[in-house]
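Okay, thanks for making time, everyone. Let me put the structure up, and then I'll walk you through the parts I looked at.

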Amino acid sequence: MKERDILLEKYSSRVFKNRKNHVTQLELGEEPDTITANTRTIPGIVTERGCCYAGCKGVVVGPMKDVVTITHGPIGCAFYSWGTRRNKAKPSYEGEQNFIPYSFCTDMRPTDIVFGGEKKLEDGIDEIMQLFHPKCIFICSTCPIGLIGDDVQAVARRVEKKYGITAIGFSCEGYKGVSQSAGHHIANNGLMRQVIGVGDKKPKTKYSLNILGEYNIGGDGWEQERILKRIGYEIVSVFTGDGSFETMKNSHLADLNLVMCHRSINYVAQMMKTKYGIDWLKVNFIGVGATCKSLRMIAQYFDDPELIARTEEVIADELSLISDEIEYYKSKLKGKTAGIFVGGSRAHHYQLLLRDFGMETIIAGYEFAHRDDFEGRDIISQIKPDADSKNIEEITVSPDENLYRERYTAEEIEALKAKGIELDTYDGMFPDMEKGYVAVDDYNLFETDELIKSMKPDIFFSGIKDKYSIQKAGVVSRQMHSYDYSGPYAGFNGAVNFGRDITMSIYTNAWALTTPPWKVAPLLGGKIGGEA
Ligand code: CFM
Ligand code: HCA
């Protein structure tokens, strides 16, 4: 019996009916493998998903360093989204504002819930203006704000008028949509409307780039910038790791958009293409081979022999600096297997880095990805919108009369694509996996445990919520969101850090010496899904 079927068999018929569509054991046959994604979680199933507020405040807008982002809601929401995500930032010039070390919150109390919190929010913003003088303020709503009807957009408009700054109110209440993904979309819609395109500072050099969907976790973005700058590119703006309002305003003037995490931002890339004519290229700087491939595609896009030669020079030099260490770690890791359960793009990106070390990812799961993240961008037209997805606004843009600038004609784009430059698209995770490997959408703790038991990966990558139960069961587990406070893992130097960290983990046999309490005595009896 296949591992997927062993797992699903343990569910009650009701849960089975739902979950069978979210767990796919790849066939890679004539018929394409499919999966159901971005739908409601079964209540009580112990999902690993987060909320819409987390996706908007924690993921997309929070990392912008010169913006004060205020959480309108209970202090717990602000505290939990403060610093846990490891989006690093530092001022890029003397005197640049950096509010990342601060947590701003209206600290809504029961009386505020009863009488309304708009006044408290406005008072808080007055205080922020007096103390910090930001040029931009974001207000992020938590669950109670939508329930009591505070109008954060109206407050933002009043703040703009009063102080002559940019202010955006995000209605990203935790319960909106089915996961963090809704929050990404709400955040990006606001940035598209009020930030991108309002500046006029042109890039200074010949080839300029934005990096979209790079949040600088553990310094990943800095390693990417280091390599790209070494080749000679100018980085106009990073969305949003170590990013800023000041640079994002000018991002529409860059030559090309690179897309790292397509899940959280692909629609922005597409809107910027329509509105400003900027082409976008899906890149992956996780993995040595993946980094080289991405760098080569970028150079080929600009089609300049000097740039292509410089790219090869930098690649050769970077490889010569890391190859001994990579080979050493590869000799330790070759043939080992992994499971990766993370948000919406890393479960794919990290498969390529693991392959650099001769490792295979036999189980890969996403918390909140959409079908295209598994199956490729081409299937987007087949996704039927449902009540939940229709609740999240899709904005339509058209070419900007003054700012639209076509970089290449449609024929030239086709010629570039024919040369293997993967413009305006991505393939998803399935094509990088092998027959028999298991992919899971909206994985839960039970499925994690069961798949580890049946497929026995040597190491499992996931998050803070599940890491320790996996370790207690005697399996090596590392956090793939926070890198267990290590990193960077991107680019050439990041690959070495990653090889070192997982070699240390796999060769620490402490986990194999533990006997989890539930192996001695059963803690709970019963069946999942409410039957008997
Ligand atoms: Fe993109 Fe991310 Fe991810 Fe994501 Fe996230 Fe994250 Fe993640 Mo945690 S933006 S989808 S919402 S790569 S916070 S930096 S690690 S779940 S796989
Ligand atoms: C989030 C943020 C998170 C959580 C990480 C984890 C992150 O989803 O709100 O569960 O370990 O990367 O910090 O994904």
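So, let's start with a pair of strands: S1, residues 23-25, runs antiparallel to S12 and is joined to it by three bridges. Within that pairing, Gln25 has Val438 of S12 as its bridge partner. Before I go on, keep in mind that this is a predicted model.

S12 has another neighbour, too. Strand S11, residues 360-366, pairs with S12 in the parallel sense, this time over four bridges. There, Gly365 is partnered by Val440 in S12. As a reminder, strands in a sheet pair through backbone hydrogen bonds, and they can do that either parallel or antiparallel.

What about the two faces of S12, covered or open? Both are covered: Val438 and Val440 are buried on one side, and Ala439 and Asp441 are buried on the other.

Four strands make an open sheet with parallel pairing, in the order S3-S2-S4-S5. S3 (104-105) and S5 (166-170) are at the edges with a single partner strand each, so each has one side without a neighbour in the sheet. S5's link to S4, residues 136-141, is parallel and made of five bridges, and Cys136 sits opposite Thr166 of S5. Helix H3 packs on this sheet, where it touches S2 (68-72), S4 and S5, and its direction makes about 155° with that of S4. Helix H8, residues 152-163, also lies across S2, S4 and S5, and it runs at about 175° to S5.

Which helices each supply at least two residues of the shell around ligand 1? Those are H3 (52-61) and H12 (262-276). There are 15 residues around ligand 1, and the closest are Cys261, Gly343, Gly344, Arg346 and His481. By class, that shell divides into five nonpolar, seven polar and three charged residues.

For ligand 2, H3 again gives at least two residues, and so does helix H20 (464-472). The residues surrounding ligand 2 include Thr84, Arg85, Gln180, Lys465, Gln479, Gly343 and His481. Its shell has two nonpolar, eight polar and two charged residues.

Let me zoom in on one of those, Gln479, which lies in strand S14, residues 476-479. Why does Gln479 count as partly exposed? Because it has 18 other C-beta atoms within 10 Å, and buried would take 20 or more. Leaving out residues up to four places away in sequence, Gln479 touches Gly463, Ile464, Lys467 and Asp484.

Last stop is helix H10, residues 220-231. From first C-alpha to last, its twelve residues reach 17 Å, close to the 16 Å expected at 1.5 Å a residue. Its buried residues include Trp222, Ile227 and Leu228, but also Asp220, Glu223 and Glu225. The buried set packs against strands S6 (208-214) and S7 (234-240), plus helices H14 (305-333) and H21 (491-506).

Notes:
Residues are numbered from 1 along each chain as its sequence is written. Chains are lettered from A and ligands numbered from 1 in the order in which they are written. This is a predicted model: local features need pLDDT of at least 70, side-chain atom pairs count only at pLDDT 80 or more; totals for chains, interfaces and linings use all residues. A residue is near a molecule or strand if its C-beta atom, placed from the backbone, lies within 6 Å of it. Ala, Val, Leu, Ile, Met, Phe, Trp, Tyr, Cys and Pro count as nonpolar, Asp, Glu, Lys and Arg as charged, and the others, Gly among them, as polar. A residue is buried if 20 or more other C-beta atoms lie within 10 Å of its own, exposed if 12 or fewer, and partly exposed in between; C-beta atoms are placed from the backbone. Two strands pair if DSSP finds at least two bridges between them. Two residues are in contact if their C-beta atoms, placed from the backbone, lie within 7 Å. Axes are lines fitted to C-alpha atoms, for helices over the stretch in contact, and angles run from 0 to 180 degrees between N-to-C directions. The expected span of a helix is 1.5 Å times one less than its number of residues.
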